[in-house]
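User: I've got a model open and I'd like to learn how to read its features. Could you walk me through it, one at a time?

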Amino acid sequence: MTPSYQDTLAALSDLQCQPLSIIRLSEPISNPFNPNSPLDRTSDISASGLSDDSTNPTPASLAADLSHYRDLFSKLRFSYLEQVTKEKFLRAIVGDPPLIIENAENVELESQLKEVKVVLKEQKEHVAKMVQELERKGRALAGRYEQVALQTELLGHLPGEIQGLEGRIRKLREDNKGNMDGMGGGLGLDKVLELTRDKERQREEVERELKALQREMPGKGRELERLADELKGLEREKQKAVEGAREAVKSRKSGGAVGDGLEMRGRWLKGCDEGLRGLLDVGA
C-alpha cells in the first residue's frame, strides 16, 4: 500500500531529529543502546571536553579539530621518539655486557628502514586517496542531506497552501458561476471541442487568405507603379493642355483663328483626362 502524506512527513521528521554524526553512523544499526559503551560515556577526558561544535560538528569545526590533532600527534610522536632513543641509549651503556652495534648491522637496519619507508609511503598515499574519496562523498551526502531537509520543510508547508488554494478555487467558481453560464462556461466537453475546432478552421481560413494577399502584393505593387507612370504622363498632358488653353485664351482675345483650334484641342484633352481619371478612380 502506498504510504500517505502524513506518514512520509512523519518519517522524514523523525530522521531529521536524529543528529548526523560520523561516529554514530559508523555504529551498526542493529547495535542496541548500551550505557556502558565507550562512545556513550562522558566521563572520559576526550568526551568530557567536547563542546557544542563537537556534538554538532560543522565543516569548519571539523577542519579546526583535524588541524589541532595533527599538531598534537606530531608533538607526541617527536616526544615518543626522543624518549625511546634515550632509553635505548642508556640501556646500551649500562648493560652488562654493553650493547655494541657494528657498522654492518647499521647498514642492514638502514636497508630495512628504506623498505619500511617505501611501504609506509604507499600506505600514506592510499590513505590520502581514501581521505579524498571520503571528503568527496561527505560533501555529496551533505548536499543531499540539506536538499532533503529543505524539501521536507517545503513539504510541511504544502498542506496549508493546498487547502488555501482549494478554498480560493471554490470561491472563484462560486463568484463566476453566473458569468460562466452566460458565456457558455457550462458547455460540455464535446461542445467545447467542437467550438475549438470551428475557431481553428476560421483561423486557418484567415491564414490562407492572408497568404494569398501576400502573394498578390508584388503584382499589385507593379500595377500601382504602372498606373503611377501613366498618371505622370497624364499630368504632363494636363500641363500642356493648360498651357494650350491659356494660349487659346490669349489668341481668342486677340481674335485669331488659331485660338479656336487650340480651344477645341484643350476641350478634347480635358475630356480625355476626366475620362481616364474616372476609369482609374483618381482625384483631380
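Predicted model: local features only at pLDDT ≥ 70, side-chain atom pairs only at ≥ 80, totals over all residues.

User: Which residue does arginine 208 meet in a salt bridge?

Analyst: General idea first: side chains of opposite charge can pair when their charged atoms come close. Here, the partner of arginine 208 is glutamate 205, with 2.3 Å from N to O. Glutamate 205 is partly exposed too, at 35% relative accessibility.

User: Where do arginine 208 and glutamate 205 lie?

Analyst: Both sit in helix 8, 3 residues apart, which is about one turn of the helix. You can find another pair in helix 8, which spans residues 189-254: glutamate 200 and arginine 203, also 3 residues apart. Their side chains form a salt bridge at 2.1 Å, N to O. Glutamate 200 comes out at 34% relative accessibility, partly exposed, and arginine 203 is partly exposed at 38%.

User: What about helix 6: how far apart in it are arginine 136 and glutamate 133?

Analyst: They are 3 residues apart in helix 6 (residues 103-175), so about one helical turn separates them. The side chains meet in a salt bridge, 2.3 Å from N to O. Arginine 136 has 47% relative accessibility and is partly exposed, while glutamate 133 is partly exposed at 33%.

User: How many salt bridges does the count come to?

Analyst: The count is 9 salt bridges. The ones we went through are among them.

User: Let's zoom out. How many helices and strands are there?

Analyst: For the overall fold, read the secondary structure elements in order. This protein has 9 helices and 0 strands, and the pattern along the sequence is α-α-α-α-α-α-α-α-α.

User: And what share of the residues is buried?

Analyst: Burial means under 20% relative accessible area. By that cut-off, 6% of the 284 residues are buried. The accessible surface of the protein is about 25200 Å², with 59% of that belonging to carbon and sulfur atoms. As for contacts with a separation of 6 or more, 52% are between residues 24 or more positions apart.

User: Last one: where is confidence lowest, and where is it highest?

Analyst: Read the pLDDT along the chain and then compare elements. Helix 3 (residues 45-48) is lowest, with a mean of 42, and helix 6 is highest, at 88. Over residues 37-51 the pLDDT is below 50, and this stretch has 10 contacts in the model beyond near neighbours in sequence. For the protein as a whole, the mean pLDDT is 76, and 73% of the residues reach 70 or more.

Definitions and conventions. Residues numbered from 1 in each chain as written. Heavy atoms only, no water. Salt bridge = Lys/Arg side-chain N within 4 Å of Asp/Glu carboxyl O. Helix = DSSP H or I, 4+ residues; strand = E, 2+ residues; numbered from the N terminus. Buried < 20%, exposed > 50% of the residue type's maximum accessible area, 1.4 Å probe, protein only. Contact = heavy atoms within 4.5 Å. Areas by Shrake-Rupley, 256 points an atom, 1.4 Å probe, with all protein chains shown as cover. pLDDT = per-residue confidence, 0-100.
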